[in-house]
Amino acid sequence: MFNKKGTTLVEVIISIALISIVLAFMIKLLIDINNTDTNNKYAKGNQIKRAEIIRTIENDIKDKVITQITNNTTDKTIEIKYNDNSSSKISLTDKTVKYTDTNNKTEKWTLDEGTIYTDNITINLNYNNSLGNDSIYALLIDIEIHTANENNTVGKNNTIDDILINYIGYNEITVIK
């Protein structure tokens, strides 16, 4: 018997396929590392604080019926009133967000990076009266946060850093600006 030492065409093709798969994973890993580095420009350090703020506010209002929202641009506050005569309040400075919930418990967050643009708080309210007497509304409160990147300035805001509070409810609601 002859001992054939060498590689066949099938073995070469399989080797190239395996190397291609490994290279594809390596390229994806390098792209992910690059994206992680790029995302640091978008206030990655603030994202945990941002998520805490949103979760706290949305958990407080989720089982309530909002009757009125007041956006006081003078003292940089948003007051939310409910049908059970309770209220909550969001107070803003250029670096802090303070939230007083319906039980009068206050939490405060200080941003490490960026500035809260307190002059442009957007409150959007959309109604759908398709159910007859009941009004369904979608509420979005957008508090702009500007970080040190070219895509996030006054008049050119990307919402990746913003504090966006979403709520869907029933009944009439009044927005006072």
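A: The structure holds two salt bridges, a salt bridge being a side-chain nitrogen of Lys or Arg within 4 Å of a carboxyl oxygen of Asp or Glu. This is a predicted model, in which local features need pLDDT of at least 70 and side-chain atom pairs count only at pLDDT 80 or more, while totals for chains, interfaces and linings use all residues. Residues are numbered from 1 along each chain as its sequence is written, and side-chain values use heavy atoms, with hydrogens and water left out.

Q: What makes Asp84 and Lys64 a salt bridge?
A: The closest N and O atoms of Asp84 and Lys64 are 3.8 Å apart, and because the cut-off is within 4 Å, the pair qualifies.

Q: Which parts does the pair of Asp84 and Lys64 tie together?
A: Asp84 lies in the loop between strand 2 (77-82) and strand 3, whereas Lys64 lies in the loop between helix 2 (47-61) and strand 1 (66-72), so the pair ties together parts that are 20 residues apart in sequence. Helices (H or I, at least four residues) and strands (E, at least two) are DSSP runs, numbered from the N terminus.

Q: How do you know that Lys105 and Glu107 form a salt bridge?
A: Their closest N and O atoms are 3.7 Å apart, which again meets the definition.

Q: Why is Ser88 called buried?
A: Ser88 has 2% relative accessibility and therefore counts as buried, the term for under 20% relative accessible area, with exposed meaning over 50% and partly exposed in between (1.4 Å probe, protein chains only).

Q: Why is Asp84 called partly exposed?
A: Asp84 has a relative accessible area of 45%, so it is partly exposed.
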